[in-house]
Amino acid sequence: MTEPSTTRTGADPAPAPPASATARRGPVVAALMLAMGLAALDGTIVSTAVPQIVGDLGGLSVFSWLFSGYLLAVTVTLPVYGKLSDTFGRKPVLIAGTVLFLIGSVLCAAAWNMASLIAFRIVQGLGGGALQGTVQTLAADLYPLKERPKIQARLSSVWAASSIAGPAMGGLLAGYADWRWIFLINLPVGLLALWLITRHLVEPARTAPRDPVRIDWAGALAIFATGAVLVTALVQGGVAWPWLSAPSLGLLGGAAALAALTVVVERRAAEPIIPGWVWRRRTIAAVNLSLGALGLLMVAPTVFLPTYAQSVLGLGPIAAGFVLSSWTLSWPITAALSNRVYTRIGFRLTAILGISLAVLLLLAFPFLPFPGEPWQPALLMLLLGGALGLFQLPLIVGVQSTVPYGERGTTTASVLFCRQVGQSVGAALFGAIANGVLAARLGADTDLDTLARALTSTDRIRRAVDAAVDWVYLGAAGAAALALLALLTLAPRRFPVLKEDD
C-alpha cells in the first residue's frame, strides 16, 4: 500500500477481533446490513405516504417535521453514540439503539394525531443515530484495512436499494393497506437484526478502567441543544418564516451562543463527547470538512432533480425517481473498486480524483439542453455517483484506519455528524437559491414547493425551474470545490495509518 503503517505516539494499537468474532462475521454482517436498512429505508418510505397520513391525522402545516424531527434526532445524537461505543463497546450501543428505534416505530404506528407522530418520529431518530454511527464503526472493527471496501460497498448498496425501494413500498402500503404498516414493517427486520447481533457479535475483551467511567452528560446535553436549535433554524428558515425575520435571527444567534457554551463545557470535561483531538488532527479535520461539503452537495440532486424531471422534462413521479436513482447504481460499484485505486495512489489522491470529477460533472448540468431528454441528466447522475464513490469511501476507510479501536467510534461519528449537518445546511441554502431565482423570474410569492404541487407547467414555469435548478447545481459544484480545497490544504499527503494486528 502507498499509505504507511505507523503507530502514533501515545495511542494504543487497535485490537483485532477475536477468532470467534471473525468466524461469525457472516451473520454479523447480515445484522449490520439489516440495521442499516432500517435507518436507510425509514428516510425514504414515509415520503410517498404523506397524503394518506395527512388525510388521516391532519396537520398539513407541520407535516415537514416528520422528516425534520427525525433528521434532527439522528444528527445531534451521532457524537453521543460514538463516544458511548468507545466507552462501553459497540454491541450494547447497537442493541440499545435498535430497541429504541423499534419502540419508536411501534409508537408511530399507534399515533393519534400529527403532533404525536412527530414526537414518536423523534424517538425513532434517537435510535437511528445509534444505528448509523455504530454500524459504520463495527464495519471497520470486523474487517482489516484491505477488506473494508467490501463491507462498505455492501452498506452502500443497502442505501442504494432503499432509495429505490422505499418510495415504492411506502406508496404500496399506504395505498393498499394502511400507512401505519410503514412503521410496523420495521419490527420483523429489527428483531432479526437484534437476534443476529446478540447471538453472533463477539467484541474484543475490554480492560476494566481503574477509575469509574465518567459520562459527559453536560456535554451531551449542550451538543443536543446546539444541534436542535441550529437544525430548527435551517429547516424552518425561509419556510415557516423569512430568513431575516426575528425567529430566524434569534435561532441562529441562539445556536451560536450554545456552540460557544458547548466548546467551554467540552474543554472542561474529563471525557468529552467531542474531544479536541477530532479537530486538532489534520487528517480527521480534513475528512470532516470534506464530508460536510459532500452532505451539502448531495442535497442538489436528491431534493431538486425530481422536481426538475417532472416540471422540465415532463416525467411522472416514478420515472423521475429512476432518473435520480441512477447514481445509486454506480456509487456502490466504484466504492467497492476504490481499494484498487487507493492501494496504489493513496487515500488522499483517490478522494481528490473523485471530487475533481464531481466538480466537472456538477458544472456540466447547466449546459444540458432545454428541455432535453431524460437520459441526459440520468447519465450525469450515473457518472456523478461513480465519482462520489471514489471520493467518500476512501476518506471513511482512511480516517478509520488512522485511529485505534478506542477512538474509532468517536471518529466515525464525527464524520457522519459533519455530513448530516452539511445536508441540513444544503437544504436551507439551496432552497433559498432556488426560491430566489424563481421569485426573480415568476414573482415575489413563488417558490419551488408551490410549483412542485402545481398540476400543470407552462413553458415560462418550466424555464424558470430549469434556471433555478441550474443555479442549485452550480452551488453544489462550489461545495465540491470546497471539499477539494480541504483535501489539498489540510489533508496530509499520506494518511498516518496504524499498523494492524494480523
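A: First a term: buried means under 20% relative accessible area, exposed over 50%, and partly exposed in between, with a 1.4 Å probe and protein chains only. This is a predicted model, where local features need pLDDT of at least 70, side-chain atom pairs count only at pLDDT 80 or more, and totals for chains, interfaces and linings use all residues. Residues are numbered from 1 along each chain as its sequence is written, and side-chain values use heavy atoms, with hydrogens and water left out.

Q: OK, is Cys 108 buried or exposed?
A: Cys 108 is buried, at 0% relative accessibility. Cys 418 counts as buried too, at 12%.

Q: How many disulfides?
A: The structure has 0 disulfides, a disulfide being a pair of cysteine sulfur atoms within 2.5 Å.

Q: Switching topic: at what angle do helix 5 and helix 9 pack?
A: About 165°, with the axes 10 Å apart. Helices here are DSSP runs (H or I, at least four residues), numbered from the N terminus. Axes are lines fitted to C-alpha atoms over the stretch in contact, and angles run from 0 to 180 degrees between N-to-C directions.

Q: So which way do helix 5 and helix 9 run relative to each other?
A: Roughly antiparallel, a label for angles over 145 degrees.

Q: And Val 231, where does that lie?
A: Val 231 lies in helix 10, residues 217-236. Val 231 is buried, with a relative accessible area of 4%.

Q: What does Val 231 touch?
A: Leu 72 and Ser 424, leaving out residues up to four places away in sequence; contact means heavy atoms within 4.5 Å. The C-alpha atoms of Val 231 and Leu 72 are separated by 6.3 Å, at 159 residues apart along the chain.

Conventions: Helices (H or I, at least four residues) and strands (E, at least two) are DSSP runs, numbered from the N terminus. Angles under 35 degrees count as roughly parallel, over 145 as roughly antiparallel, 65 to 115 as roughly perpendicular and the rest as oblique.
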